[in-house]
Amino acid sequence: MTRTGMHMIDTGFSFQGPAEGVHALSSWITPEDDLFLVTHMGFLNIDPDHWHLDVDGLVDTPTRFRLSDLQAMPQREYMSFHECAGSPLAPTVAQRRIGNVVWKGVPLSLVLERAKISTDASYVWTSGLEWGEYAEIEEAYQKDLPIEKALAEEVLLALEINGRPLTPERGGPVRLVVPGWYGTNSVKWVGSITAADRRASGAYTTRFYNDATASGMKPVWSVAPESVIVSPSPNDLLSAAMPTKIWGWAWGDHRISSVEVSVDGGGSWRTASVGPREGRSWQRFELPWTPTSGQNILLCRCTDEFGEEQPLTDARNAVHTVQVEVDP
Ligand SMILES: Nc1nc2c(c(=O)[nH]1)N[C@H]1C(S)=C(S)[C@@H](COP(=O)(O)O)O[C@H]1N2
Ligand SMILES: [Mo]
């Protein structure tokens, strides 16, 4: 299938990210070069002059928006961590694909208001324009949001990341961003939005990105508390009795209220200091540390303001461990 003004570049599932993983994430705002990229069916290149967005379904005025229409509407900037939930085929494997960026775009709520969304709408479905196959399924990348989140002030139809227009790989010219929720919800190359009174029924909201829990299936929406050690990294040259610090990032849909660090493989834990959060940014944590010689196993775990903690193993937000060798 081909469509006017767009073509696929690289087909199939793709992940790109820094070779050093989370140890590359040394700055508060993640430069795009260090920010992971993910796609299921491939990357789409869209001619911005051909791009348009159709808003339909439970709306009084089905409306088509061109790029110039969005550019003429009020824009908003929002800082947020951006995290991939990992493979939907292996949902309990921690991948730690994470960054912290500033998005800029038109609040989704303004676009829905222009189309006069009906009070009967309880979900908003969003589809990407790319085509191809993922896990032997050939259908559009369609996601849904409950209406409360769709209308929340932080949810944007983004045109920019970190002060620059979105590249084709990043989902440009326009993508959805859903701060606080896993990256899978932030539909790239967005082409249509449908207001509905039920959840979307496609593979990306039913078969993929649903977690089996004791109380049934739970959509992969809100980001659970998580933290990573940025420094030291396993390659650092550390020596005993040389005071240093252990530091990293902690984040979640809800604010992180505490981070604990272990330097003995989880035998004992110390409380780290935790920095502020802006919007839904990550938060910096830090602990002074004087290493002892030999093998040191460092761990970090965080708790959010509602008391939810990171599990030790078998979860996408499982505790992060770093092993460092310390010279005598
Ligand atoms: N149209 C479309 N949107 C998509 C995807 C996709 O495959 N197609 N992948 C999702 C997933 S799983 C993630 S983690 C984020 C990745 O966004 P990024 O590449 O800008 O980091 O985009 C999401 N939006
Ligand atoms: Mo993802």
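**Cores and the domain interface**

In this predicted model, the largest nonpolar core holds 67 residues, and those that touch the most other members are Trp51, Val55, Leu70, Leu108, Leu157 and Ile193. Strand β14 (residues 190–196) contributes the largest share of this core, with 4 residues, and the core draws at least three residues from each of domain 1 (6–219) and domain 2 (226–327). A second, separate core consists of 18 residues, among them Ile246, Val263, Val322 and Val326. To return to Leu108, its contacts, leaving aside neighbours within four places in sequence, are Leu145, Ala150, Val155, Leu156, Leu157, Leu176 and Ile193.

The protein chain is divided into domain 1 (6–219) and domain 2 (226–327), whose C-alpha centres lie 30 Å apart. The contact takes 29 residues from domain 1 and 25 residues from domain 2. Between the two domains an area of about 2200 Å² is buried, 56% of which is given by carbon and sulfur atoms. On the side of domain 1, His23, Trp28 and Arg96 supply 29% of the area buried against domain 2, more than any other three residues.

The polar side of this interface can be followed in turn. Between domain 1 and domain 2 there are 2 salt bridges, and 14 residue pairs are found in polar contact across the interface, both residues being at pLDDT 80 or more. The elements that give two or more residues to the side of domain 1 touching domain 2 are β7 (76–83) and β8 (98–107), and β7 gives the most, with 5 residues. A salt bridge also joins the side chains of Arg280 and Glu154, at 3.5 Å from N to O.

Conventions. Residues are numbered from 1 along each chain as its sequence is written. Chains are lettered from A and ligands numbered from 1 in the order in which they are written. This is a predicted model: local features need pLDDT of at least 70, side-chain atom pairs count only at pLDDT 80 or more; totals for chains, interfaces and linings use all residues. Side-chain values use heavy atoms; hydrogens and water are left out. A nonpolar core is a set of buried Ala, Val, Leu, Ile, Met, Phe, Trp, Tyr and Cys residues joined through side-chain atoms within 4.5 Å. Buried means under 20% relative accessible area, exposed over 50%, partly exposed in between (1.4 Å probe, protein chains only). Domain bounds come from an automatic or database domain assignment. Contact means heavy atoms within 4.5 Å. Buried area is the accessible area (1.4 Å probe) that two parts lose on being put together, summed over both. A salt bridge is a side-chain nitrogen of Lys or Arg within 4 Å of a carboxyl oxygen of Asp or Glu. A polar contact is a pair of N or O atoms within 3.5 Å; within protein, one must be able to donate a hydrogen and the other to accept it, and residues adjacent in sequence count only if both atoms are side-chain atoms.
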